[in-house]
Amino acid sequence: MAKICVFTADGFEEIEGLTVVDLLRRAGAEVLMVSVKEGLTVKGAHNIELKADALFDEVCYEDVDILVLPGGMPGTTNLSECGTLKDHIIKYNEQGKWLAAICAAPSIFSSLGILKDKKATSFPSFADKMDCKEYGGGVVRDGNIITGKGLGVALELGLELISCLIDEETSGKIADQIQYN
């Protein structure tokens, strides 16, 4: 079964992170919410505190199929300050492994130069930070990278991740269960 890491940092957009976690767990995937700070308790952009499943250094990334970055501010800034996370993103991209980000977080991929030949999207106010082949859309998949515009497409992003990591049939079943269609 697919193993997913959804990274959390103080100031992350709660709905973007938790929607992906919820949908993927409904689909039977193993999902870890991973804190990039020293403790497990993370405070989101709207002052919602949650407890991550693991600290960054506790995870064996060799076994992880995809790295998922929710957006939000200053969550995206806090994620981008984690040098080891950026190292893993570069390594995953080089290996052709899945990467996903939503809202402001695709700008981290852009800053690492991994979107230059890709179609991608982000929160509109980050468009000027997106160095990509083609920009725009709600949820955009190009090769091993999936990007989402923002909170309004969090369900669509989660369902796309299920399609990619598990299969389209399971994604459709989850969409029906949550009354998405």
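Some ground rules before the structure. The model is predicted, so to speak of local features we need pLDDT of at least 70, side-chain atom pairs count only at pLDDT 80 or more, and totals for chains, interfaces and linings use all residues. Residues are numbered from 1 along each chain as its sequence is written, and side-chain values use heavy atoms, with hydrogens and water left out.

I'll start with the sheet. Seven strands form an open sheet, in the order β5-β2-β1-β6-β7-β11-β10, with mixed pairing. Strands here are DSSP runs of E with at least two residues, helices are runs of H or I with at least four, and both are numbered from the N terminus. Two strands count as paired if DSSP finds at least two bridges between them. In general, strands of a sheet pair through backbone hydrogen bonds, either parallel or antiparallel. At the edges are β5 and β10, the latter covering 139-142, and each of them pairs on one side only.

Now strand β2, residues 30-35. Five of its six residues are buried, so β2 is largely enclosed by the rest of the structure. Buried means under 20% relative accessible area, exposed means over 50%, and partly exposed is in between, using a 1.4 Å probe and protein chains only. On one side, β2 pairs with β1, residues 3-8, in the parallel sense over six bridges. Within that pairing, F7 has V34 of β2 as its bridge partner. Between these two strands the chain passes through helix α1, residues 14-26, and this β-α-β crossover is right-handed. Right-handed means that, with the strands pointing away from the viewer, the path from the first strand over the helix to the second runs clockwise. β2 is also joined to β5, residues 54-55, by two bridges, again parallel. There, S35 stands opposite L55 of β5.

β1 has another partner in β6: the two are parallel, over three bridges. V6 has V68 as its bridge partner in β6.

Take L24 as an example. Leaving aside neighbours within four places in sequence, L24 is in contact (heavy atoms within 4.5 Å) with I4, A29, V31, L161, I162 and L165.

On to the rings. A search of the whole structure finds three aromatic pairs. Rings of Phe, Tyr and Trp (its six-membered ring) pair if their centres lie within 6.5 Å; planes under 30 degrees apart count as stacked, over 60 as edge-to-face and the rest as tilted. F7 and F56 have ring centres 5.8 Å apart and planes at 40°, so this pair is tilted. F7 is in strand β1 and F56 is in the loop between β5 and β6, 49 residues apart. F7 counts as buried at 0% relative accessibility, and F56 does too, at 7%. For F7 and Y61 the centres are 6.3 Å apart and the planes are at 20°, so that pair is stacked. Y61 lies in the loop between β5 and β6, 54 residues from F7. Ring pairs link F7, F56 and Y61 into a cluster.

Two lysines sit over rings. The charged end of K97 is over the ring of Y92, 4.3 Å from its centre, and K129 is over the face of F126, 5.5 Å from the ring centre. The cut-offs are NZ of Lys or CZ of Arg within 6 Å of the ring centre and within 35 degrees of the ring normal.

Last, a threonine. T170 lies in helix α6 and counts as buried at 18% relative accessibility. T170 and R26 are 144 residues apart in sequence and 9.7 Å apart in space, C-alpha to C-alpha. Beyond four places in sequence, T170 is in contact with A27 and I162.
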